[in-house]
Amino acid sequence: MPGAHRGPSERVGSGKCLAKCMPELPEVETIREGLRDRLVGKRLINVENLSPKQLIGDVADAVGQTVKKIERQGKVLILNLRESSLLFHLKMTGQLILVENGEPELSGGHPVPKFGSEVPNKTTRIILRFSGQETLYFNDLRKFGWLKVLSTAEVKNEPLIKSLGPEPLSAGFTKPYLAERSAKKSGPIKGFLLDQTIIAGIGNIYADEALWYARIRPDRPAGSLNEAEVGRLYTATNKAIELGIKHRGTSFDSYVTIEGERGNYLHHAKAYHQTECARCKGPIEKKKIAGRTAHFCPRCQK
DNA sequence: CCCGGCGCCTGAGGGC
DNA sequence: TGCCCTCAGGCGCCGG
């Protein structure tokens, strides 16, 4: 990526807005890899907070410490500093943009650029400056996301982290596990896939994709799946997440890599925000399930 | 315990 | 032109 990270994210927001999307496991993993290559070994110099409700804990504790490791638990990104940890949840519209030689100060009263043009912009909520002239901008239009500062020893007891189930592609995620957890559940299988305490890291996009690959209707009660269907869902879930990581996340509205580039997974999406089924060419149906819009093929998915 | 529904938050887009 | 309504959805919380 030589040179690619030099400028601000002029590519952000350049496309037509199709819909809102959320960073899920593949998107956060892509961000993790990008940050790891440039922030490990750098020291946190200062933090400028423009959105008090989104910063939880005392960030002053972490200032001065060096970045040791960058991890991910489900959709949560964790910067392990020497003693403290910074936990980021991007929720719906969060972005992390890393810029070399970013704006030195925002609080000087200079006008904040419009959304989407460059960083910082009017969605910039928290600015973290590191040694080596690296500046990390936490943008979040809807302010659902957060940055939580904990001592590293406390991370494993953080309620959300503690409650996470196994991730797709991990050793704990197996067919028997899926079968056991889904049995006796009366709620829709779509909601089951979105439950972070059952499987960590799946959001609306990859849930629709996994169910399309598995040829299972999203409104089927989770407990109604037979053994063959559970087996297909297991394989399909891993496949959807694996493809998402391979394509560096979803090309969609607010999600961008740390260089401000869009991922390209959506070019490969089979159900999510599609109009035609890639398998049978029939129309993709939209339906509200478990409080979210599900996209599926009523002909292929039973 | 389990499930559904709401609030948080902002901007885009449609109807009139 | 401009106002009002709906929609987008991860997660915490509340109620049945």
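1. In this predicted model, a phosphate oxygen of DNA strand C sits 2.9 Å from an N or O atom in the side chain of Asn204. For Lys288, a polar side-chain atom lies 3.0 Å from a phosphate oxygen of DNA strand C.

2. The surroundings of DNA strand C comprise 14 residues, of which the closest are His89, Met92, Arg142, Phe144 and Arg292. A residue counts as near a strand if one of its heavy atoms lies within 4 Å of it. Sugar or phosphate accounts for 74% of the atoms of DNA strand C within 4 Å of the protein, and bases for the rest. By class, this surface has five nonpolar, four polar and five charged residues. Here Ala, Val, Leu, Ile, Met, Phe, Trp, Tyr, Cys and Pro count as nonpolar, Asp, Glu, Lys and Arg as charged, and the others, Gly among them, as polar.

3. Around DNA strand B are Lys53, Lys122, Leu141, Arg142, Lys143, Phe144, Lys185, Ser186, Gly187 and Pro188. The surface near DNA strand B has three nonpolar, two polar and five charged residues. Of the atoms of DNA strand B within 4 Å of the protein, 67% are sugar or phosphate and the rest belong to bases.

4. A polar side-chain atom of Lys53 is 2.4 Å from a phosphate oxygen. For Lys143, an N or O atom in the side chain is 3.1 Å from a phosphate oxygen. Ser186 uses a polar backbone atom, 2.9 Å from a phosphate oxygen.

5. Helix α5 (residues 204-214) and helix α6 (residues 227-246) have axes that come within 8 Å and cross at roughly 130 degrees. Helices (H or I, at least four residues) and strands (E, at least two) are DSSP runs, numbered from the N terminus. Axes are lines fitted to C-alpha atoms, for helices over the stretch in contact, and angles run from 0 to 180 degrees between N-to-C directions. α5 and α6 are therefore oblique to each other; angles under 35 degrees count as roughly parallel, over 145 as roughly antiparallel, 65 to 115 as roughly perpendicular and the rest as oblique.

6. The crossing of α5 and α6 is right-handed, meaning that the near helix is turned clockwise from the far one by less than a right angle. Residues of α5 in contact (heavy atoms within 4.5 Å) with α6 include Tyr206, Leu211 and Tyr213, and residues on the α6 side include Arg232, Ala236 and Ile241. The contact of α5 with α6 has 10 nonpolar, two polar and three charged residues.

7. The axes of helix α3 (residues 175-182) and α6 come within 9 Å and cross at roughly 120 degrees, and α3 and α6 are therefore oblique to each other. This crossing is right-handed. Lys175, Leu178, Ala179 and Ser182 of α3 meet Val230, Gly231, Leu233 and Tyr234 of α6. The contact divides into five nonpolar, two polar and one charged residue.

8. Two backbone details are worth a look. Most residues other than glycine have a negative phi, and most peptide bonds are trans. Arg215, in the loop between α5 and α6, has a positive phi of about 60 degrees although it is not a glycine. The peptide bond from Val119 to Pro120 is cis, with omega near -5 degrees; Pro120 is in the loop between β6 (94-100) and β7 (124-130).

9. On conventions, residues are numbered from 1 along each chain as its sequence is written, and chains are lettered from A and ligands numbered from 1 in the order in which they are written. Local features need pLDDT of at least 70, side-chain atom pairs count only at pLDDT 80 or more, totals for chains, interfaces and linings use all residues, and side-chain values use heavy atoms, with hydrogens and water left out.

Notes. Polar contact = N/O pair within 3.5 Å; in protein donor to acceptor, adjacent residues only side chain to side chain.
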